[in-house]
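Biologist: I would like to learn how to read a few features of a protein model. Could you take me through them one at a time?

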Amino acid sequence: VSTDGHRLSLCTRKVPGVHETLKRSVIMPRKGLGELRRMLDDGEGDVQLGFRESHAVAKRGNVSLVMRLIDGRFPDYKQVVPQVADRKVKIARSVIMESLKRVSLVSSDRSNSVRLELTKDLLRVSSQNPDMGEASEEIPVDYSGPDLKIGFNARYVMDALSAITADPVQLEFNDELSPGILRPADDLSYTCVVMPMRI
């Protein structure tokens with residue numbers, strides 16, 4: 001689980017070769033995770049990962065990486081992830097991604113806000129900027145639930161979509177004040193939660 005307060009990413013995977021469970025959750029630093037990713041990308045073979053009181057240790061061959069864990073308690077992410085969504089829509093990942101890229105070109109640089117409007121069989125993606133005008137695109141979708149207008153930071157939504165390789169993706173919403181959920185339509189092992197914006 002990772003979060004920056006505006007968005008949250010949750011990934012669940014079965015890992016073979018786990019010899020013992022953690023006594024408590026651990027918080028790993030972003031910089032350390034970047035180095036661990038580089039270690040995973042650069043070599044071949046399995047990486048051994050272990051935890052001590054205040055450190056994480058990764059080892060592959062003759063290369064070892066030690067990172068200091070962050071003290072404190074991770075936020076209770078289960079309270080942030082909505083368990084039930086009233087409005088769900090499946091859409092091709094590339095279609096929503098390209099639409100967000102185009103429409104966000106005219107959004108304000110600071111907020112990067114876009115509006116998603118969900119109506120019967122239609123998803124409208126729009127943004128406006130007093131200095132540059134407005135942009136809007138309509139995407140046909142299979143949807144028959146209640147109408148919804150909700151705003152998001154386009155960059156956050158595109159980052160979440162970039163992390164998903166499956167197609168189609170599923171967008172889930174409750175109301176304009178509740179977090180939006182993005183996940184692969186047929187895979188519950190990855191969930192991304194994005195907090196809405198007032199627009």
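Modeller: We shall go from the overall fold to a pair of strands, then to an aromatic pair and the cavities.

Modeller: This is a predicted model, in which local features need pLDDT of at least 70 and side-chain atom pairs count only at pLDDT 80 or more, while totals for chains, interfaces and linings use all residues. Residues are numbered from 1 along each chain as its sequence is written, and side-chain values use heavy atoms, with hydrogens and water left out.

Biologist: How many helices and strands does the chain have?

Modeller: Helices (H or I, at least four residues) and strands (E, at least two) are DSSP runs, numbered from the N terminus. Here the chain comes to four helices and 13 strands, and its C-alpha trace spans about 55 × 35 × 35 Å along the principal axes. Buried means under 20% relative accessible area, exposed over 50%, and partly exposed in between, with a 1.4 Å probe and protein chains only; of the 199 residues, 38% count as buried.

Biologist: Which strands does E2 pair with?

Modeller: Two strands pair if DSSP finds at least two bridges between them. Strand E2 (residues 7–11) pairs in the antiparallel sense with strand E1 (residues 2–3) over two bridges, and also in the antiparallel sense with strand E13 (residues 190–194) over five bridges. Ser9 of E2 is the bridge partner of Ser2, and in E13 the bridge partner of Ser9 is Cys192. E1 and E2 form a hairpin with three residues between them, where Gly5 in the turn has a positive phi of about 95°.

Biologist: How should I read an aromatic pair?

Modeller: A pair of aromatic rings is described by the distance of the centres and the angle of the planes. Rings of Phe, Tyr and Trp (its six-membered ring) pair if their centres lie within 6.5 Å, and planes under 30 degrees apart count as stacked, over 60 as edge-to-face and the rest as tilted. The structure holds one aromatic pair. The rings of Phe152 and Phe173 have centres 6.1 Å apart and planes at 35°, so this pair is tilted. Phe152 lies in strand E10 (residues 148–153) and Phe173 in strand E11 (residues 169–173), so the pair ties together parts that are 21 residues apart in sequence. Both Phe152 and Phe173 are buried.

Biologist: What lines the largest cavity?

Modeller: On a 1 Å grid over the protein atoms alone, a cavity is a set of points where a 1.4 Å probe fits but cannot get out, and lining residues have an atom within 4 Å of a point. Grid points are joined across faces, edges and corners, and a volume is the space filled by probe spheres set on the points. The largest cavity has a volume of about 80 Å³, and its lining includes Phe152 and Phe173, along with Leu116 and Val194. Strand E12 (180–184) gives the most to this lining, with three residues.

Biologist: How many residues of that lining are nonpolar, polar or charged?

Modeller: Ala, Val, Leu, Ile, Met, Phe, Trp, Tyr, Cys and Pro count as nonpolar, Asp, Glu, Lys and Arg as charged, and the others, Gly among them, as polar. The lining of the largest cavity has 10 nonpolar, one polar and no charged residues.

Terms used:
On a 1 Å grid over the protein atoms alone, a cavity is a set of points where a 1.4 Å probe fits but cannot get out, and a pocket is an open set with protein on both sides within 12 Å along at least five of seven lines; lining residues have an atom within 4 Å of a point.
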